[in-house]
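Me: I would like to learn how to read a structure like this one. Please put it up, and I will ask about what I see.

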Amino acid sequence: MSSSTAPAVLVTGLRKSFRVAGGTVEAVSGIDLTVRAGEIFGLLGPNGAGKTTTLRILTTLLPADAGDACVAGADVRRAPGSVRRLIGYVGQLGGADKDATGRENLMLAARLYGMSADAAGRRCAELAEVFDLDALVGRPVRTYSGGQRRRLEVALGIVHRPRVLFLDEPTTGLDPQNRANLWEQLRLLREGGTTVVLTTHYLDEADQLCDRVAIVDHGRVIALGRPDELKQRYSADTITVTAEAPLPVLDAVARDLADAPFIASLVVDAGLRDGGTIRLTATDATRAMAAVFDALASRGIPTRAASVARPSLDDVFLRETGRSLRDAGPDRAGPDVADPGPGGTGTGAAAEVAA
Amino acid sequence: MTAFFVQTGLFFRRKLVETLRQPVWIITGLTTPVLYLALFAPLLRSLGGEPAFPGGHVLDVFVPGILVLIAFGAGMGAGWPVIWELDSGVIERLRVTPASRLALLLGTVLRDVVMFAVPGAVVIAVGAAFGYHVHWGGLVLLFALLALLTAACSATSSALGLKLKQIGSLAAVVTGTQLPLTLLAGILLPLSLGPTWLRVLGHFNPLYYAVQAARSLAAGTVTSGTVGLGFLVMAAVAALTVCWGTRAYQRAMA
């Protein structure tokens, strides 16, 4: 079995229900996904979407009701011991022992994975340096700042050089600088060959950090792929150009452009004074923008303003669920969320806001 | 197997360091039993002639009772830190490691046995100064018996902490059971002082057998049926509760 090509995580038909007062709630309702070895994979979705439950099943913390899950080649149900040796986990709660020092935390974790005291000591020193904790490891974790504690917790998760590292909402509560720092650490881990699986409800985290993303809602994967691919698949770039010319002239420009293959749709609006706006959606924003400038220049029309709004993963979520990921928070998520119906005008509106 | 012992040692050391960092607990752990000896034992002196106190000295009956109380208290405190560790994600993190769940439980159990044995030794020393008769052979077995009791209480408290998950619920259950269990075991005063129904009720309390055996051992009677029964009951209860605690760690969910 070659570990470089085998998937790091293979999940099929995963289901999990919880008993709550007055019935059961299905947190995971048939999730299938494959995480490739060596990638940063994100589970993106609102709170309550089933991301954490999925992660807890994959890390052997929770038994699934149905379905199969293999992590680093080991079956989560049949060989939880093997899975535990091969994975690292950084939970939402962190899990550092606050009364103990950073070093005591790291030493215990290392030795639980079977390292000798010497080897554990060396690994502890190495991690303290990599995570910039040298000055802190002798102090009780209680005295650490949020960012410092998170760095220690990630160090605890990789003390045994796991093949797959799972992180549950790793940047929640971190300031932008610590967030960027953590992203960098995760990218370095990927370069070292570690597969990283994380949950997030931040669009930009999924977009910028993750190689591939599964968008999860109500316990199902509603879209899966590379962030740019998903955005292209579900919505296009929106270009807005304001030009100084009478409306009929702009209409003529629009007719010139209408046949271009990379332009999906095109609208001309009257402007406030002697001008108007050409708004179009394009599959290739760069070429579309150039074409609009060329068409305007060939008629000697001056351009006053131009902007491009790229689609976000929120547009993908909106297309699939009819709600915005930003609004689908813990207090509003659920089956009774207002549903504007499929194919609503949301995409355009979101692009407008972004522009 | 070696991994299991190494892990148990690691968890034991972790828990011991955790306790040593809180000197308040150590101080009260040592002073409480001494206060019992100093402030409660004098009240019993007038009972010296009663049939429940054969052989004269009340401390011979009272000291083993205090030791049982210390053993019970040393074990029953285990559940509180378990809940803190659930809330802070420590247990969740440890459950993702290959560490043995039994080792995780035993780390706390062994620490609690130490937290019984040290104040217990102090009580023996102070009691001896007040006139308690030390029987060395019986004393060693007495500590072994009460170590089993501490282990059973510690495992029970950990399991309750993992199941109940809330400090309030745990406190209610522990204090709610502590009083009837200790009263019906004749810890402070022998049940033989009470009416028949009380003595009958006591026979349904595992703690009662520990107390009976403890009194017998403290008096130097090592080979009585009471001692055998005490060890049998305590060993069975310790084994059951350790199994329960281990299963609770296997299934713990924050």
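Me: Which residue of strand 14 of chain A does A:Ile239 stand opposite?

Reply: Strands of a sheet pair through backbone hydrogen bonds, either parallel or antiparallel. Here A:Ile239 stands opposite A:Val308 in strand 14 of chain A. Strands are DSSP runs of E with at least two residues, helices are runs of H or I with at least four, and both are numbered from the N terminus. Two strands count as paired if DSSP finds at least two bridges between them. This is a predicted model, in which local features need pLDDT of at least 70 and side-chain atom pairs count only at pLDDT 80 or more, while totals for chains, interfaces and linings use all residues. Residues are numbered from 1 along each chain as its sequence is written, and chains are lettered from A and ligands numbered from 1 in the order in which they are written.

Me: How many bridges join strand 11 of chain A to strand 14 of chain A, and how many to strand 13 of chain A?

Reply: Strand 11 and strand 14 of chain A run antiparallel and are joined by 6 bridges. With strand 13 of chain A, strand 11 pairs over 7 bridges, also in the antiparallel sense. In that pairing A:Asp237 stands opposite A:Ala282.

Me: Is strand 11 of chain A mostly covered or uncovered?

Reply: A residue is buried if 20 or more other C-beta atoms, placed from the backbone, lie within 10 Å of its own, exposed if 12 or fewer do, and partly exposed in between. Strand 11 of chain A is mostly covered, with 5 of its 7 residues buried.

Me: Which residues of helix 10 of chain A are buried, and which are exposed?

Reply: A:Ala288, A:Val292, A:Ala295 and A:Leu296 are buried. They lie on the same side of helix 10 of chain A because they cover an arc of only 95° around the axis, the arc being that of the directions from the helix axis to the C-beta atoms. On the other side, A:Thr286, A:Ala290, A:Asp294, A:Ala297 and A:Ser298 are exposed. The cover over the buried residues includes strand 11 (237-243) and helix 9 (247-257) of chain A. Contact here means C-beta atoms, placed from the backbone, within 7 Å.

Me: What span should helix 10 of chain A have?

Reply: The expected span is 1.5 Å times one less than the number of residues. The 14 residues of helix 10 (residues 285-298) of chain A should therefore span 20 Å, and the end C-alpha atoms are 20 Å apart, which agrees. After helix 10 of chain A comes A:Gly300, whose phi is positive, near 70°.

Me: What is the order of the open sheet of 4 strands in chain A?

Reply: The order is 2-1-4-5, with antiparallel pairing. Strand 2 (23-35) and strand 5 (74-75) of chain A are at the edges with a single partner strand each, so one side of each has no neighbour in the sheet. Strand 1 (residues 9-20) of chain A is joined to strand 2 by 10 bridges and to strand 4 by 5. A:Lys16 stands opposite A:Val28 in strand 2 of chain A, and A:Val9 has A:Val71 in strand 4 of chain A as its bridge partner.

Terms used: Contact = placed C-beta atoms within 7 Å.
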